[in-house]
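Here is a short briefing on one protein model. Keep the structure open as you read.

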Amino acid sequence: SDVYKRQTLPQNNNINIFPIKAFKDNYIWVIQEKLNGIIIDPGEAKPVLEKLKRQNINLMAILITHKHYDHTGGVEELIKHNPDVQVFGPENIEFEFKYTVVKEGDIISIHGTKVKFSVIETPGHTLDHIVYVDKDRLFCGDTLFACGCGKLFEGTYVEMFESLSKISSLDPKTQIYCAHEYTKKNIQFALTLDKENNQLNERYNRLKHVEITIPSILKEELETNPFLRAKTIEEFKLIRKRKDEF
């Protein structure tokens with residue numbers, strides 16, 4: 001796991017990060033540095049185009065974490081409006097747009113910005129899933145959620161457990177930007193397993209009336225997220241199955 005610590009990239013405080021809401025509970029994340037912007041997992045183009053225009057942001061790059069339509073559905077339209085945009089994503093023959101394939105250990109630099117990300121492969125939710133991390137933040141799509149983790153559509157329990165272990169080894173101060181607002185329901189589930197957990201109860205009370213609960217902090221996930229707290233694959237499997245039925 002030292003490899004992830006070694007790859008941490010320089011701090012960049014000169015940026016603004018905000019979500020664009022899409023569908024029922026998706027977040028399309030925007031990283032803005034001065035007049036330039038990076039979009040993560042654009043499931044639809046319309047709200048992105050509107051927001052960029054309203055805030056006068058030039059779209060420099062699109063980062064894709066995995067193939068699901070609610071993360072990729074807007075990509076082609078965004079490319080049409082921004083022919084020079086850099087697009088990064090995991091290897092997937094289903095993608096019909098031109099993009100740069102990235103894999104474990106790659107470091108990507110976004111033109112026109114100081115933003116750099118290291119790529120980690122996190123199969124489990126899908127086999128092609130990747131996440132993007134720098135010194136301060138992790139954009140993790142549907143691998144890790146606030147107090148939860150993605151459903152296993154393609155990967156095995158072992159793969160997901162190992163993917164989450166990679167994330168657990170990052171700096172505890174890392175801010176976690178996931179792609180869905182599932183937090184309250186996830187906390188309710190976590191409380192059925194661990195109702196004596198003080199940090200979890202505190203988290204529940206703090207977020208009860210909060211609309212946007214993301215980002216969270218890795219330290220908080222390590223203290224309250226049942227999937228990161230699972231010590232063995234068997235335990236993880238049991239919790240995932242219970243969550244599927246919750």
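Strand 5 (residues 86–89) is covered on both faces. Strands here are DSSP runs of E with at least two residues, and helices are runs of H or I with at least four, numbered from the N terminus.

This is a predicted model: local features need pLDDT of at least 70, side-chain atom pairs count only at pLDDT 80 or more, and totals for chains, interfaces and linings use all residues. Residues are numbered from 1 along each chain as its sequence is written, and side-chain values use heavy atoms, without hydrogens and water.

**Strand pairing**
- Strands pair if DSSP finds at least two bridges between them.
- Strand 4 (residues 58–63) runs parallel to strand 5, joined by three bridges.
- Leu63 stands opposite Phe88 of strand 5.
- Two bridges join strand 5 to strand 6 (residues 100–101), also in parallel.
- Phe88 stands opposite Thr100 in strand 6.

**Nonpolar cores**
- A nonpolar core is a set of buried Ala, Val, Leu, Ile, Met, Phe, Trp, Tyr and Cys residues joined through side-chain atoms within 4.5 Å.
- The largest core has 44 residues, and Ile31, Leu63, Tyr132 and Phe139 touch the most other members.
- A second, separate core of 20 residues includes Phe18, Ile20, Ile39 and Ile57.

**Helix 5**
- The buried residues of helix 5 are Met160, Phe161, Ser163, Leu164 and Ile167.
- They line one face of the helix, because they fall within an arc of 160° seen down its axis (the arc of directions from the helix axis to the C-beta atoms).

Conventions
Buried < 20%, exposed > 50% of the residue type's maximum accessible area, 1.4 Å probe, protein only.
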